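Thanks for coming. Please look at the sequence and the model on the screen while I go through one part of it.

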Amino acid sequence: MLQLLLLASVALLCHAAPILTAHGGSDTKCPVTVKILDAVKGTPAGPMVLNLYQRTADGGWTQVANGMTDASGEIHNLITEQKFLPGVYRVDFDTKSYWKNEGSVPFHEVTNVVFEAHSEGHRHYTLAMLLSPYSFTTTALVTDVQH
């Protein structure tokens, strides 16, 4: 039953927020796009604060961008092409504040996604998250960019 719910939710995420139409049919202006769906209400999760970090040579993290999802649960233009260099990145989502604003008591303080960018050439990344007060799941769409 849980598997069917997750599959239906992922299908809803994909159907509810077309990925390649945010910028007139191409995603060339957004190297990192984030989309969040509230699984409790079945609606986009916004506003939600998030921070983007890049791993440093010594294994620490440096914040390179921050932002907030809009009413559609999305954030575009989080970081520019020039600043989105090859490396390992972490996106931290302030899920606790989001759920508190929704009147729920969440389990997670923060959820995050860690990924390596541009290891196989220049790419754009769409991170999708399905969120509830006690769980989350993520998926990513990685797109080759032609310059």
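Strand β3 is mostly covered, with 5 of its 7 residues buried. Buried means under 20% relative accessible area, exposed means over 50%, and partly exposed is in between, with a 1.4 Å probe and protein chains only. Strands here are DSSP runs of E with at least two residues, helices are runs of H or I with at least four, and both are numbered from the N terminus.

A word on where this comes from. This is a predicted model, in which local features need pLDDT of at least 70 and side-chain atom pairs count only at pLDDT 80 or more, while totals for chains, interfaces and linings use all residues. Residues are numbered from 1 along each chain as its sequence is written, and side-chain values use heavy atoms, with hydrogens and water left out.

Back to β3, which covers residues 49-55. On one side, 7 bridges join β3 to β4 in an antiparallel arrangement. Two strands count as paired if DSSP finds at least two bridges between them. Within that pair, arginine 55 stands opposite tryptophan 61 in β4. The hairpin of β3 and β4 has 5 residues between the strands, and glycine 59 there takes a positive phi near 90°.

β3 is also joined to β6, again antiparallel, by 5 bridges. Here asparagine 51 faces aspartate 92 of β6, and leucine 50 stands opposite phenylalanine 93.

Now β6 itself, residues 87-93. Why is this strand described as largely enclosed by the rest of the structure? Because 5 of its 7 residues are buried. β6 also pairs with β7, residues 111-117, in the antiparallel sense over 7 bridges. In that pairing valine 91 has valine 113 as its bridge partner, and phenylalanine 93 stands opposite threonine 111.

Put together, 4 strands form an open, antiparallel sheet in the order β4-β3-β6-β7. β4 and β7 stand at the edges with a single partner strand each, so one side of each is left without a neighbour in the sheet. From one strand to the next the twist averages 20°; for such angles, axes are lines fitted to C-alpha atoms, for helices over the stretch in contact, and angles run from 0 to 180 degrees between N-to-C directions. As a general point, side chains in a regular strand alternate between the two faces of the sheet.

Two residues in these strands deserve a look. Threonine 111 is in strand β7 and counts as buried, at 1% relative accessibility. Contact means heavy atoms within 4.5 Å. Leaving aside neighbours within four places in sequence, threonine 111 is in contact with Val91, Asp92, Phe93, Thr95, Met129 and Phe136. Glycine 87 belongs to strand β6. With the sequence neighbours within four places again set aside, its contacts are Gln54, Phe115, Glu116 and Ala117. The C-alpha atoms of glycine 87 and alanine 57 are separated by 9.8 Å, and these residues are 30 apart along the chain.

Next, the core. A nonpolar core is a set of buried Ala, Val, Leu, Ile, Met, Phe, Trp, Tyr and Cys residues joined through side-chain atoms within 4.5 Å. The largest one has 24 residues, of which Val34, Ile36, Phe84, Phe93 and Phe115 touch the most other members. Elements giving two or more residues to this core are β1, β3, β6, α2, β7 and β8. Which of them gives the most? β8 does, with 4 residues.

Phenylalanine 115 touches Phe84, Gly87, Val88, Tyr89, Val91, Tyr125 and Leu127, not counting residues up to four places away in sequence.

That brings us to the rings. The structure holds 6 aromatic pairs. Rings of Phe, Tyr and Trp (its six-membered ring) pair if their centres lie within 6.5 Å; planes under 30 degrees apart are stacked, over 60 edge-to-face, and the rest tilted. Phenylalanine 84 and tyrosine 125 form an edge-to-face pair, at 5.9 Å centre to centre and 75° between the planes. Phenylalanine 84 lies in the loop between β5 and β6 and tyrosine 125 in β8, so the pair ties together parts that are 41 residues apart in sequence. Phenylalanine 84 is buried at 2% relative accessible area, and tyrosine 125 is buried at 6%. Ring pairs link Phe84, Tyr89, Phe115 and Tyr125 into a cluster.

Last, arginine 90. A charge sits over a ring if NZ of Lys or CZ of Arg is within 6 Å of the ring centre and within 35 degrees of the ring normal. Arginine 90 lies over the face of tyrosine 53, at 4.4 Å from the ring centre, and over the face of tryptophan 61, at 4.9 Å.
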